[in-house]
Amino acid sequence: RTRDAPLIASAYPDNGSDNTSVYLAPVFHFDEPMHSASFVDNQSITVSCNPTPSSGRSCSFFTSYDSTSDNLTLHPMGPWPDNTTITVTVKGRNGNFPFSGVHEATDGIFMTSDYVMYFKTRVSLDTGLVAHYTLDNNTLNHASYLDNGTLVNNPTSSVGISGTSSTAYSFDGADDYITIPNNSSFDYNTSDNFSFSIWVYPESFNDLNGILSTYQTSGANGYFLRINDSNGGLKYGSDSNSIIVSNALNLNQWQNIFVKTKNGSSELFVDGTLIKSGQVSWNNTDEYFSIGCDYCEDGASDSRRFFDGRIDELKVYDRTLSNSEIFDLFYSNRSLNSEELSTLSKVYDVVAPVPGDNGTLNISNLGTTSLGLSWTKASDNHTDNSSLQYRVVQSSSDR
């Protein structure tokens, strides 16, 4: 052969990436079309894990090749093991593969050598976990079995994020909440590094509805996370300095709120996505920590101070989690259906859908009152193409 052999021109993630999501799907882009039949899982594409996964975890995978974009995607079959180095080898014709046709270009020329890349997944989501209130018909701290909570005015056990009964608490928005004694797991300075994760299912919105708080009496000025308006806005921080974001939550559905604070700067996430960041401040207090209420003592007569809806799975970390950890924490509490599993792969979809025939429309019945429009279907490497939607516009300004 006289021309150059095919190459992997780029890959996602970068080789040597650290602290990646356990749902990451690597993508390899070839510089020219390849024979899709030459991609054979566990033969021409291999994966190794170090350390070897423990029982119940695996590094199993399957691949898909998109001939439109010349992209090979490697999909994990379930999450990768955490804190593990994943090494992917795409074999070339250097004597290391046992059969012909491996990574062969359309004109029969092969990759000349193996392509090897690796990435390391994030640490266990139990690392730095100092408090975990599952709220599964109890108020125990399952991270340490210390600092257990107490029900006030009888919040009722209800259906949680898992869809199972007695796995969350329902709050009436009038006077019930949970208290946890003041302790180091919650008594943070703004200069400390820490994170909170909590699931909420609001059934109504009102400004001042407390989700969690260390601000219970006048002048204490502890920190809080509360509903800020009647449209699902959120406020995190204190009355001195806080993050405020509008339209953060929806009614009657489970949503995850995650907050991380480092050196006085905080980031607020909803369902794994960053929605606001900014400076915060508050005073350290000796007041209890509350769930489902804010300003619970001096504001006890004001029903707006109480959360209306369900709350599940409060986690507290004595460190700030990375964005990939926050993403994984959001999904780790979900029982994913097929649509959500598809969404996971789309998070790493680096190739846009390709319009059929370059987006050109075919027009028939010109000169009549009933024009006919037709076009070649688009294609996308991350769907079965049946869900692609089309929009016909008269001019580019209408897009």
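## Disulfides

C49 and C59 are joined by a disulfide, with an S to S distance of 1.5 Å. In this predicted model, local features need pLDDT of at least 70 and side-chain atom pairs count only at pLDDT 80 or more, while totals for chains, interfaces and linings use all residues. Residues are numbered from 1 along each chain as its sequence is written, and side-chain values use heavy atoms, leaving out hydrogens and water.

A disulfide is a covalent bond between the sulfur atoms of two cysteines; here the rule is a pair of cysteine sulfur atoms within 2.5 Å. The torsion about the S-S bond of C49 and C59 is about -115°, so this disulfide is left-handed. C49 lies in strand β4 (residues 45-50) and C59 in the loop between β4 and β5 (61-66), so the pair ties together parts that are 10 residues apart in sequence. Strands (E, at least two residues) are DSSP runs, numbered from the N terminus.

Are these two cysteines buried or exposed? C49 counts as buried at 15% relative accessibility, and C59 counts as buried at 14%. Buried means under 20% relative accessible area, exposed over 50%, and partly exposed in between (1.4 Å probe, protein chains only). The rule gives 2 disulfides, and another one joins C293 to C296, S to S 2.3 Å. Both C293 and C296 are buried.

## Salt bridges

Side chains of opposite charge can pair when their charged atoms come close. A salt bridge is a side-chain nitrogen of Lys or Arg within 4 Å of a carboxyl oxygen of Asp or Glu, and the whole structure has 11 of them. One of these pairs D82 with R122, with the closest N and O atoms 3.6 Å apart. D82 lies in the loop between β6 (71-76) and β7 (85-90) and R122 in the loop between β8 (115-121) and β9 (129-133), so the pair ties together parts that are 40 residues apart in sequence. D82 is partly exposed at 25% relative accessible area, whereas R122 is buried at 6%.

## A nonpolar patch

I363, L366, L373 and W375 make a nonpolar surface patch of about 420 Å². Patches are made of residues with over 30% relative accessible area and no salt bridge: like charges are joined within 9 Å, nonpolar side chains (Val, Leu, Ile, Met, Phe, Trp, Tyr) within 5 Å. L366 sits in the loop between β24 (362-364) and β25 (372-374), and L366 is exposed, with a relative accessible area of 66%.

Technical notes. Accessible areas come from the Shrake-Rupley method with a 1.4 Å probe; for residues, only the protein chains shown count as cover. Helices (H or I, at least four residues) and strands (E, at least two) are DSSP runs, numbered from the N terminus.
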